[in-house]
Amino acid sequence: MDHDDTKLNSQSLRDLKMMWPKYNISVTVKMHGLNSELVDLLWNTLPYRALQTHALVTGDHLYHLVPSEPLIYKAADRAKEPDGTVFLSKFQHLAVKYGQVTEHHPAAPCGNVIPKDLEKLRQLGKEVWKSQLEKKEPTEVVVWDASGPEPRSEDLSLRLQRTGVTEEVKSIVQEIHNEMDKSWSGISDNVNAIHRGQAPDHPGSKSSYFAAMLFANSEVRTLGYYVLDNILKIAATHPEFDLGHLVRTCFRPAEFLGYVGTEFLRDSHRKIDELVKCKVETNANQEEAREDLLAMVSVLAQYINLLNAQNLLLFPWKHTLEYPIPGSSD
């Protein structure tokens, strides 16, 4: 047996445990040996907790954020995989297909929920969707290596992935990390305020904050997934992009996001922008400066992607009932 076969067999022996305490539901996932590099990345993050969300345009699909930066640049057609398939994607998602999926989006299949747990998984999917549609109560998912015991709550704090090098950068990175850890499997104060019409600047028009919720969601998603995540991917996969290239690509103003209610994000963005000017661009040590920049981008991207998940949970999806797909029976 060669080295690759040995690694494949060791991967396929791995079992993952996923538990949703709110519903007293847990399932076991058997890894099947495919995409072993991504599975290794997942295993390096275990155990962790996260905010469970339901897909909105994909079908019967659950996903949550995995606190692992390398998934952005390291990571089959979801629609064609069997129910119970677990995927990892470049959006740092661990996703589970529990029924019909309509979106043909690239994602790496890594394992399958064991057959006897499939009915529990489908029930969970219905409950999470109902909560997202009606109750707006966060659902926590806890994920760990099934070969070990259920993790204690004190073992589920987020681990800092990059610290930076200079003291000023370390300080802002830790500040954002601490704020993110407080609501990693819940809802942050800023997002709560936006979805209650209580953002300090009272964004909206004609006595309505509906559009403020809409734009907060769209702007946050774009800044996280398509700007900052992309910088991390470029830095990891295109070494020819030097520090100057990365700095010029990185930032766009976040003042509008502060206006609609994500004030901590705006304030953090301002601090990072200033540190880029006075600590990164002026640092003669390019390697050190690059790591400082990427540490700040990494923690801010992860925080922004969390805000996106929180926005998606709290948005008034009850209005979906007003727009049924023609011929749909659901």
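Start with the second largest pocket, which holds about 440 Å³ of space. The model is predicted, so local features need pLDDT of at least 70 and side-chain atom pairs count only at pLDDT 80 or more, while totals for chains, interfaces and linings use all residues. Residues are numbered from 1 along each chain as its sequence is written, and side-chain values use heavy atoms, with hydrogens and water left out.

**Pocket.** Select V57, T58, Y63, E103 and R221, which lie nearest the centre among the 22 lining residues. (On a 1 Å grid over the protein atoms alone, a pocket is an open set of points with protein on both sides within 12 Å along at least five of seven lines; a cavity is a set where a 1.4 Å probe fits but cannot get out; lining residues have an atom within 4 Å of a point. Points are joined across faces, edges and corners, and a volume is the space filled by probe spheres set on them.) Next, show β4 (59-65), β5 (85-88), β6 (93-101) and α7 (210-237), each of which supplies at least two lining residues. With five residues, α7 gives the most. (Helices, H or I of at least four residues, and strands, E of at least two, are DSSP runs numbered from the N terminus.)

Move to the largest cavity, with about 80 Å³ of space. The elements giving two or more residues to its lining are α5 (167-182) and α11 (286-314). The largest share, four residues, is from α11. Then select E69, I72, Q92, Q161, L232, S298, A301 and Q302, the lining of the second largest cavity, where the space is about 30 Å³. Here too α11 has the largest share, three residues.

**Salt bridges.** The count is 23, a salt bridge being a side-chain nitrogen of Lys or Arg within 4 Å of a carboxyl oxygen of Asp or Glu. Select D15 and K30, whose closest N and O atoms are 3.1 Å apart. D15 is in strand β1 (residues 15-20) and K30 in strand β2 (residues 25-31), 15 residues apart.

Go on to D117 and K116, a salt bridge at 3.7 Å between the closest N and O atoms. D117 is buried at 3% relative accessibility, whereas K116 is exposed at 68%. (Buried means under 20% relative accessible area, exposed over 50%, partly exposed in between, with a 1.4 Å probe and protein chains only.)

Finish in helix α10 (residues 263-280), where R266 and E263 lie three residues apart, about one turn. Their closest N and O atoms are 3.8 Å apart. R266 is buried at 14% and E263 partly exposed at 23%.
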